[in-house]
Amino acid sequence: MKSTSSLPRRSFLQTSLAVGTAGAVGLLTGSQNSVQAAESKAEPVIKPGSTVLFQGDSITDAGRKKDKENQDTPNMQPGFGSGYAWMTAAALLTGPKGDTLTTYNRGISGNKVFQLADRWQADCLDLKPDVLSILIGVNDIWHYLNGKYDGTVEKYETDYRALLARTKEALPKVKFVICEPFVLKTGAVDEKWFPMFDGFREASARLAQENNAIFVPFQSMFDEAVKYAPPSHWAGDGVHPSAHGASLMASAWLRAVQAG
């Protein structure tokens with residue numbers, strides 16, 4: 001598992017603004033601008049010609065158009081919506097060799113892990129991604145808290161582990177990017193979410209470790225961000241990021257994947 005630590009406060013905003021372009025360059029070229037890439041001489045995770053798939057719930061969905069034409073057309077904004085997945089894909093597509101990439105978004109609002117599994121053949125395995133990014137978990141607790149779901153942290157972890165194993169069996173060369181579920185204490189999010197929510201975060205980190213996945217620490221990133229602006233600035237209801245929050249997420253994703 002690869003993780004990125006919290007940034008020093010003085011460099012946080014500057015890095016967030018700059019990382020989109022720099023991250024895309026490093027991902028596609030193994031650029032020597034990346035100290036880590038230069039030191040390890042590791043191949044970039046996303047290579048020219050890669051297929052990159054974003055999966056998850058409403059945070060990934062972000063209002064994307066789901067009709068067949070838009071959904072099946074890669075690399076275009078209508079099929080991506082307006083959230084972090086599109087911002088990340090746009091940075092990749094406009095970077096060096098970006099025109100060789102194929103990117104898709106198949107997030108669906110309201111999904112929990114078992115609902116990903118129900119649609120996994122068509123919405124993941126058939127697309128044959130080289131890099132698979134998954135952000136899932138907030139509905140598994142939110143719907144539990146509002147009485148619409150009887151899931152637990154243990155069920156989340158068990159179902160998620162089975163989904164990853166199924167994916168690796170079908171696509172043995174796939175590289176996972178497991179994104180940490182996150183919330184901010186504002187709007188719908190209050191003290192009753194805790195400490196249960198921390199269990200979902202910990203489960204996602206364990207699964208990333210088990211699967212040699214890249215781990216994107218979104219909660220740590222937002223914990224740093226609220227030092228500069230209130231939680232409502234980044235996510236009005238505590239769950240769904242604003243454009244500002246989505247931009248930070250794209251930066252964190254690029255940074256984590258660039259580190260490999």
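The model is predicted, so local features need pLDDT of at least 70 and side-chain atom pairs count only at pLDDT 80 or more, while totals for chains, interfaces and linings use all residues. Residues are numbered from 1 along each chain as its sequence is written, and side-chain values use heavy atoms, with hydrogens and water left out.

**Stop 1: Asn 139.** Select Asn 139, which sits in helix α8 (residues 138-145); helices (H or I, at least four residues) and strands (E, at least two) are DSSP runs numbered from the N terminus. Is Asn 139 buried or exposed? Its relative accessibility is 4%, so Asn 139 counts as buried (under 20% relative accessible area; exposed is over 50%, partly exposed in between, with a 1.4 Å probe and protein chains only). Now show its contacts (heavy atoms within 4.5 Å): leaving out residues up to four places away in sequence, Asn 139 touches Asp 57, Gly 110, Asn 111, Lys 112 and Tyr 144. Zoom in on Asn 111, whose backbone oxygen lies 2.9 Å from a polar atom of the Asn 139 side chain.

**Stop 2: α8 against α10.** Which residues meet between them? Show Asp 140, Ile 141 and Tyr 144 in α8, which meet Met 196, Phe 197 and Phe 200 in α10.

**Stop 3: strand β3.** Move to β3 (residues 131-135), where 5 of 5 residues are buried. Val 131, Ser 133 and Leu 135 point one way from the strand, and Leu 132 and Ile 134 the other. Strands pair if DSSP finds at least two bridges between them. β3 pairs in the parallel sense with β1 (residues 51-56) over 5 bridges, and Val 131 is the bridge partner of Val 52. Strand β4 (residues 175-179) also runs parallel to β3, joined by 5 bridges; there, Phe 176 is the partner of Leu 132.

**Stop 4: helix α11.** Finish at α11 (residues 218-225), largely enclosed by the rest of the structure because 6 of its 8 residues are buried. Select Phe 218, Gln 219, Met 221, Phe 222, Glu 224 and Ala 225 to see the buried ones.

Definitions and conventions:
Polar contact = N/O pair within 3.5 Å; in protein donor to acceptor, adjacent residues only side chain to side chain.
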